Structure formats: C-alpha cells, structure tokens
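Please keep the sequence and the coordinates at hand while reading.

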Amino acid sequence: MTLPLEGVRVIEVGQALAGPLAGVLLADMGADVIKIEKPEGGDDARIWGPPFGPDGVTSLYFYSQNRNKRSVVLDLKAPADIEKLNRLCETADILIQNLRPGVVDEIGIGPEAMLARHPRLIYCSIWAFGYQGPMRLRPGFDPLLQAYGGMMSVTGRPEDPPTFCGASINDKATGMFCTIGALAALRQRDRTGKGCLVDTSLFDSAVHWVEGQVNAYLVDGVVPRRHGTGGAAIVPYQVFDTADHPLCLAPGNDRLWARCARALGHPEWATDEKFATSAQRVRNRTDLLPQIAAAMLTRKRAEWLKLLEEAGVPCSPVNDIGELVATEQFAASGLVQQLPEGGPRVVGIPITFDRVRPQSARMAPKLGEHSDEVFGK
C-alpha cells in the first residue's frame, strides 16, 4: 500500500522510548526514518531484556520500537560527525531528539543553530520537564514523572500507597504528542515554506493525564483522593469482585444506572433520593458502593456479564495479558504483525488507512547497519 508519509525523511537522535516511539509511528506511516546511534552500544534500549529477539542479544523492546528504521552510527562529540548529521538534515523534513537536557546545545545541534542552518527543518525536542522553569535541565524517566506529576497520588486504593501505572504512559504520550506536533508543523510548512520548533515533555504529558483533577483543584481547592479502580466524578465506575473473577462496571449516566440497578436486582436504587442522580451517587459513594459490592458477590462473572450485557449496561471482564491476547476481538483487530526477515511478532501501529493497517517493511536495524547505505562508502 502507498503510505501517507512516503517521501518524508526523519532523523531520530533518540533512545529509550519517547523519541523512538515518535520515530516508529512516523516510520510505520511511510516516512524514511534514519536512527542516529552512539558508537558505544547504540540505543540503551537494545539491552533492555529479557525477553530478547531472534539474535539472542537485542531486546524485544528494541525490535518493537525501532522497526522500519535505518541505523547509522555517529559520534556526536566529534565535529566531523556533527557535520555528517548536518548534511543529513539538508535532506530531512523532521528531526527528533530526546538527548539529556542541555546536551544538544553543548554539541552545537540545538534548535537555534539547526533551524538557522536548516530553515525548512521541523525540529522536535522531547524533554523531561520542559524547556523552561527551574527543572528544565533535569533528566527524567516515566516513573519519576508519574510521581512528580501527581499521577501516582490519584492511582490505587485509598488505604494503599500511591501506585505506579504498569504501562509507560508518559513516555508513550510524549512520543505521540511529538508525532502530532511534527505532523501539524509539516502541514504548516506546506503553507509557509518555513520549519518550526516543536517542544514536548514528559511533565506536560503527566499533567495532561490528570487535567481533570487539576481543573477540579483549581476550582474548589480540594486535593483529589485515590478511589482504587473507581472514578472521582462517576459512581459506580470501577471494578467489583464477583463470586469468581473481577468485573469492571461502568454505567456512565443516569439512564444506564437505572438499567444497572435493575440488572443487579435492586431497581429501588435508581429512585432512591441518595442514588438517583450522578451527583447524589458521588456524594453517597461510601453508602452505595458496599451495597453494589455485596450484590456482585452473589453470582459468577460470566453470569453477571450475560445479565448486564443483555440489559445494555457497559461492563467488561478484567483480563490479564494472556486473556486479552486470547480474545476474538484481539485476533480480529489485526494488531499483531510478524516483523520481516525472521523477526519476532509485535504489536503494530494502532492506525489503519482505508481499513488497511501498515505492515513493517524492515526489521529493527543492527547497530550502524545502514551507515554505508546512508553516507556512501
């Protein structure tokens, strides 16, 4: 298939997750992504295993985030290699970098220098804490930003310590926001002929995830609390134990709540003045939730799923990863793809074009595999 970004060239000076994720999204959509790696081992993520890929030494993590790219080795401490990078940028549309804050300016490839030399370039910087403020030069990793950005404080049960989200959601969100910004800037360049500086950060992404809680605090000054699997502004909206396995219940409005109450065998809850409206259920959550929990324990999960789905109440089993992969929906999605050249199976891009999901044309590259191809022998 012809992909939307064919003809677009991207230079990725990044490692770990946020920068490479932005690169792989653009690569999967057809861009030619040239990954710049340091001579000493390349991207740190190459050794983030087990599990490892078919070669036994490169992490599966690296295979997943670097498919469809070409790898070249440059020593960015060497002026000659900085000049090679600049020559590449003469042919590039987008540059993505997530080096340690401050490094790009020290070695002469900061945005001011690069945009002065390459005025059509879209220069994307990924920061830990952003380009301004007292913490601008601090490095950061996903769990640190989950902690600093308030996310842990609202995740988990009230009686438990603040809880870490199992997915690297700040890294992934920042990679996606970088991609969105790059594509918007590319569209702007189509109109103006000028490049653009795009800044994203793990801190901004972390705050974005808790924007509802921040907005509420700015209005009422009340520090949000943890509600376990529940929602702060909707009740019930959480996981309940059944007689065998947990189930997530999410009747998100009063109409669905009335259906839910009937399905649970307590139609009176829908008309009780303490529970009839969403605001009343939130105010009286400590009264209502134990009653729902007791009702849910009277049947097995499969029975509840059948009853609730027949009643039109949004609900879901709480799947572990094995159960997720075994579902018919997972199979039907076509998300898993086999990397070429004997590569592993990985989850592909969560986008389709004309109902076709892009497939990887390249295995994740060996370190420096394409240096001769890109620079010439």
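A salt bridge is taken here as a side-chain nitrogen of Lys or Arg within 4 Å of a carboxyl oxygen of Asp or Glu. The model is predicted, and local features need pLDDT of at least 70, side-chain atom pairs count only at pLDDT 80 or more, and totals for chains, interfaces and linings use all residues. Residues are numbered from 1 along each chain as its sequence is written, and side-chain values use heavy atoms, with hydrogens and water left out.

Side chains of opposite charge can pair when their charged atoms come close.

E373 belongs to helix α16 (residues 371–375), whereas R362 sits in the loop between β11 (345–347) and α16, so the pair ties together parts that are eleven residues apart in sequence. Helices (H or I, at least four residues) and strands (E, at least two) are DSSP runs, numbered from the N terminus. E373 has a relative accessible area of 48% and is partly exposed; R362, at 31%, also counts as partly exposed. In this scheme buried means under 20% relative accessible area, exposed means over 50%, and partly exposed lies in between (1.4 Å probe, protein chains only). Through shared partners, salt bridges join R362 and E373 with R9, D32 and R70 into one network.

Within that network, the side chains of D32 and R70 meet in a salt bridge at 2.8 Å, N to O. This pair links distant parts of the chain: D32 is in strand β2 (residues 32–37) and R70 in strand β3 (residues 69–73), 38 residues apart. D32 counts as partly exposed because its relative accessibility is 23%, whereas R70 counts as buried because its value is 9%.

A further salt bridge connects the side chains of D160 and R157 at 2.7 Å, N to O. D160 is partly exposed, with a relative accessible area of 26%, and R157 is partly exposed at 45%.

The surface also carries a nonpolar patch of about 400 Å², made by V214, Y217, L218 and V223. Patches consist of residues with over 30% relative accessible area and no salt bridge, where like charges are joined within 9 Å and nonpolar side chains (Val, Leu, Ile, Met, Phe, Trp, Tyr) within 5 Å. V214 lies in helix α9 (residues 211–220) and counts as partly exposed because its relative accessibility is 32%.

Methods. Accessible areas come from the Shrake-Rupley method with a 1.4 Å probe; for residues, only the protein chains shown count as cover.
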